[in-house]
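Trainee: I would like to learn how to read a structure feature by feature. Please give me the general idea each time, and then the case at hand.

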Amino acid sequence: MENTLNADKKKILVVDDEANIVNLLVHNLEREGYDILVAEDGLSAVDIALAKEPDLILLDIMLPKQDGLTACKKIKMSLNVPILMLTAKGEEIDKILGLELGADDYITKPFSVRELMARVKANLRKVEANMAVKKAISEGKNGDIEISKNKIVIGDMVLDLEKFALRIKNEYIDLTLREFEVLRYLAQQPGQVVRREMLLEKVWGYEYYGDVRTVDVTVRRIREKIEEDTANPKILITKRGVGYYISDQGLLDN
């Protein structure tokens, strides 16, 4: 099923085989001014995503024909689009696998419509901010990009808290919204060890409490993007058995 789209609106692909969930999401997303695409199984989700290139995807894990995790992996191989996974309570292993495959965020069923809308808007804002930074860099203006006072500088790494942007040695580094939020939370208190449980509470929200592997997977993905040697990290450090911290050596807070 597919709606007629307005080119000026953000396109969101809703993928779920439960009609009541689809109707709820479509109704509320259209009220917010988004154009909606709908897929009822994993195979059609991939086909529609690659053909229509939506701005964001809401993707259920349990789907007919092809599960959401497989669909997520296939979509991420071709498109850099934020994917929010819809998952039932207790599916911790699926959450971890989803992070490994490139999912940007999760929301647990039954979900709050208000919370879902907030996460949709936050991920779309990050995409817009990243596009602006990429445009400036492609035009050779990266050295002239104005970085506001709301930033953190760690050696050659600049974390812009307004644009949701990360640059290392003038090279743009693409982070998911969740990766950016973890890095920001740690960087705002350099040298201070933050427990995994605290990161879950402050970054993911109370519903993720106890699923500490989610933090470990996200930190590993961040390191793959910001560290020269992930086996010997210099920026994002592990305090074994406790949590993580950002090295305060050479860090400036502006």
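Mentor: Start with the word contact, which means heavy atoms within 4.5 Å. Keep in mind also that this is a predicted model.

Trainee: Which residues is P82 in contact with, leaving aside its neighbours within four places in sequence?

Mentor: P82 is in contact with D55, L56, I57, K76, D104, N123 and V127. P82 itself lies in the loop between helix 3 (68–78) and strand 4 (83–88).

Trainee: Is P82 buried or exposed?

Mentor: The cut-off for buried is under 20% relative accessible area. P82 has 5%, so P82 is buried.

Trainee: How do I get an overview of the whole protein?

Mentor: Begin with the elements: the protein has eight helices and 13 strands. Then look at burial, where 52% of the 254 residues count as buried.

Trainee: What share of the contacts with a separation of 6 or more comes from residues 24 or more positions apart?

Mentor: Such residues account for 60% of those contacts.

Trainee: Now a residue inside a strand. Where is V14 found, and what does V14 contact?

Mentor: V14 is found in strand 1 (residues 11–15). Beyond its neighbours within four places in sequence, V14 is in contact with L25, L29, I36, L37, V38, A39 and L58. The relative accessible area of V14 is 0%, so V14 is buried. The C-alpha atoms of V14 and P54 are 9.9 Å from each other, and the two residues are 40 residues apart along the chain.

Trainee: V38 is among those contacts. Where does V38 lie?

Mentor: V38 lies in strand 2 (residues 35–39). V38 is buried as well, because its relative accessible area is 2%. Between the C-alpha atoms of V38 and V22, which are 16 residues apart along the chain, the separation is 7.8 Å.

Trainee: How should I read backbone angles?

Mentor: Most residues other than glycine have a negative phi, and most peptide bonds are trans. Against that background, E53 has a positive phi, near 50°. E53 is placed in the loop between helix 2 (42–52) and strand 3. K65 is not a glycine either, and its phi is positive at about 70°.

Trainee: Where is K65, and is K65 buried or exposed?

Mentor: K65 is in the loop between strand 3 and helix 3. Its relative accessibility is 69%, so K65 counts as exposed. Q66 is placed in the loop between strand 3 (56–60) and helix 3. Q66, however, has a relative accessibility of 8% and therefore counts as buried. Not counting residues up to four places away in sequence, Q66 touches G42, L43, V46, A71 and K74.

Trainee: Which residues does a cis peptide bond join?

Mentor: A cis peptide bond joins K109 and P110, with omega about -10°. P110 lies in the loop between strand 5 (105–109) and helix 5 (113–138).

Trainee: How do I describe aromatic rings that sit together?

Mentor: A pair of aromatic rings is described by the distance of the centres and the angle of the planes. A search of the whole structure finds one aromatic pair. F164 and F180 form this tilted pair, at 5.6 Å centre to centre and 55° between the planes.

Trainee: Why does the pair tie together parts that are 16 residues apart in sequence?

Mentor: F164 lies in the loop between strand 7 (157–160) and strand 8 (165–168), and F180 in helix 6 (residues 177–187), so the pair links those parts. F164 counts as buried because its relative accessibility is 17%. F180 counts as buried because its relative accessibility is 1%.

Trainee: Last, how do I read a pocket?

Mentor: Rolling a probe the size of a water molecule over the atoms shows where empty space is left. Here the largest pocket holds about 410 Å³ of space. Of the 19 residues that line this pocket, I226, E227, E228, K234 and I235 are the closest to its centre.

Trainee: How does the lining of the largest pocket divide into nonpolar, polar and charged residues?

Mentor: Seven are nonpolar, four are polar and eight are charged. Strand 9 (171–173) and helix 8 (213–226) each supply at least two residues of this lining.

Methods:
Residues are numbered from 1 along each chain as its sequence is written. This is a predicted model: local features need pLDDT of at least 70, side-chain atom pairs count only at pLDDT 80 or more; totals for chains, interfaces and linings use all residues. Side-chain values use heavy atoms; hydrogens and water are left out. On a 1 Å grid over the protein atoms alone, a cavity is a set of points where a 1.4 Å probe fits but cannot get out, and a pocket is an open set with protein on both sides within 12 Å along at least five of seven lines; lining residues have an atom within 4 Å of a point. Grid points are joined across faces, edges and corners, and a volume is the space filled by probe spheres set on the points. Helices (H or I, at least four residues) and strands (E, at least two) are DSSP runs, numbered from the N terminus. Ala, Val, Leu, Ile, Met, Phe, Trp, Tyr, Cys and Pro count as nonpolar, Asp, Glu, Lys and Arg as charged, and the others, Gly among them, as polar. Buried means under 20% relative accessible area, exposed over 50%, partly exposed in between (1.4 Å probe, protein chains only). Rings of Phe, Tyr and Trp (its six-membered ring) pair if their centres lie within 6.5 Å; planes under 30 degrees apart count as stacked, over 60 as edge-to-face and the rest as tilted.
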